[in-house]
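Let's work through this structure by asking and answering. Keep the view open as you read.

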Amino acid sequence: MSSPAPIIRSRQTEKEVNGISTQVACTEFSNYIFVVLTQYGKIGTLISVTPDSRSNDITTPTLSTKVLLGKDEPLTHVCAKNLATFVSQEAGNRPVLLGLALKDSSIDSIKQMKEIIRSCQVW
Amino acid sequence: VDAVVNGHTSLMIAFDAISVHNFSEKILEQVVHFHVMKLSGGFFLWVGSTPVLSNLAVSMSSKYDSVPLSTLVIGDPSNTAPNSLAQRLAKKTKKQVFVSYSLPVTDSNLGLLVENRIKKELELHPEHF
């Protein structure tokens with residue numbers, strides 16, 4: 001059975017955020033960074049975070065969020081933008097596909113979660 | 001305090017940690033890579049020869065229909081390969097299945113061989129799905 005090195009890079013971890021078990025899995029594709037952030041063990045709501053086409057190279061592009069699967073509510077867009085903007089920017093303005101299933105989306109928790117995502121950097 | 005501790009413990013053991021499994025196989029003169037992410041009650045499967053995510057379908061069984069429900073969330077809807085693969089895997093595993101079939105769809109024979117390879121892995125290593 002042939003088994004060359006995987007061409008998809010991924011990292012995952014589990015940490016506690018305000019007492020809740022939180023898992024992160026990051027996977028790198030050439031056209032997407034796929035981030036799963038979950039407190040239910042599931043992908044949950046699937047959101048695409050896409051940089052708008054750049055008008056010039058000097059300014060950093062703004063990001064659009066779109067709920068691909070799940071409940072489309074304002075807080076989801078806020079969380080997604082907050083969590084995925086730095087990923088997209090650091091990955092050379094690549095779109096981020098974000099799976100979000102949170103029990104706690106307080107500002108304090110979101111801040112901690114960003115650090116967990118950073119610890120799984122694949123970009 | 002006890003209740004809090006117990007509640008906390010139940011949160012910790014409510015589901016298994018996400019796990020990732022990679023395998024690959026040379027099929028019809030090209031190396032096809034497979035990437036599986038095991039989740040609670042489902043899995044994500046990517047199939048491709050280059051590290052591109054060109055589509056994504058989601059499928060799960062419904063009690064109202066013998067054919068699992070399926071929808072394409074990313075990609076060209078005229079390409080039915082991701083949806084049909086997701087549907088067949090959802091039926092076989094009874095789980096929620098995310099599939100990205102990022103291979104060229106020019107050769108229909110390839111699709112069949114790829115699916116057989118996935119089924120083989122499902123039988124050999126069910127713990128990864």
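A polar contact is a pair of N or O atoms within 3.5 Å; within protein, one must be able to donate a hydrogen and the other to accept it. The model here is predicted.

Q: How many residue pairs are in polar contact between chain A and chain B?
A: Start with who touches whom. On chain A, 34 residues are in contact with 35 residues of chain B. Counting residue pairs in polar contact between the two chains, both at pLDDT 80 or more, gives 5.

Q: Which strands of chain A each supply at least two residues of the side that touches chain B?
A: Look at the face of chain A that touches chain B. Its residues divide into 17 nonpolar, 13 polar and 4 charged. The strands that each supply at least two residues of this side are E1 (9-17), E2 (20-28), E3 (33-38) and E5 (63-69).

Q: What share of the area buried between chain A and chain B do carbon and sulfur atoms give?
A: The size of an interface is often given as the accessible area lost when the parts come together. Between chain A and chain B, about 3000 Å² is buried. The count of salt bridges between these chains is 0. Of the buried area, carbon and sulfur atoms give 67%.

Q: Is A:Ser64 buried, partly exposed or exposed?
A: Find A:Ser64 in strand E5 of chain A. Buried means under 20% relative accessible area, and exposed means over 50%. The value for A:Ser64 is 30%, so this residue is partly exposed.

Q: Which residue's side chain makes a polar contact with the side chain of A:Ser64?
A: Leave out residues up to four places away in sequence, and A:Ser64 touches A:Ser48, A:Val49, A:Thr50 and A:Asp52. A:Asp52 lies 12 residues from A:Ser64 along the chain, yet their C-alpha atoms are separated by 6.6 Å. The side-chain polar contact spans 2.5 Å, and the partner is A:Asp52.

Q: How many of the 7 residues of strand E6 (residues 96-102) of chain B are buried?
A: Buried means under 20% relative accessible area. Strand E6 of chain B is largely enclosed by the rest of the structure, because the number of its 7 residues that are buried is 6.

Q: Which residue in E6(B) is the bridge partner of B:Ala57?
A: Two strands of chain B join E6(B). Strand E3 (residues 42-48) runs parallel to E6(B), with 7 bridges, and B:Phe43 stands opposite B:Val97. Strand E4 (residues 56-62) runs antiparallel to E6(B), with 3 bridges. For B:Ala57, the bridge partner in E6(B) is B:Val99.

Conventions:
Residues numbered from 1 in each chain as written. Chains lettered and ligands numbered in written order. Predicted model: local features only at pLDDT ≥ 70, side-chain atom pairs only at ≥ 80, totals over all residues. Heavy atoms only, no water. Contact = heavy atoms within 4.5 Å. Buried area = accessible area lost by both parts, 1.4 Å probe. Salt bridge = Lys/Arg side-chain N within 4 Å of Asp/Glu carboxyl O. Helix = DSSP H or I, 4+ residues; strand = E, 2+ residues; numbered from the N terminus. Nonpolar A, V, L, I, M, F, W, Y, C, P; charged D, E, K, R; others polar. Buried < 20%, exposed > 50% of the residue type's maximum accessible area, 1.4 Å probe, protein only. Pairing = 2+ DSSP bridges.
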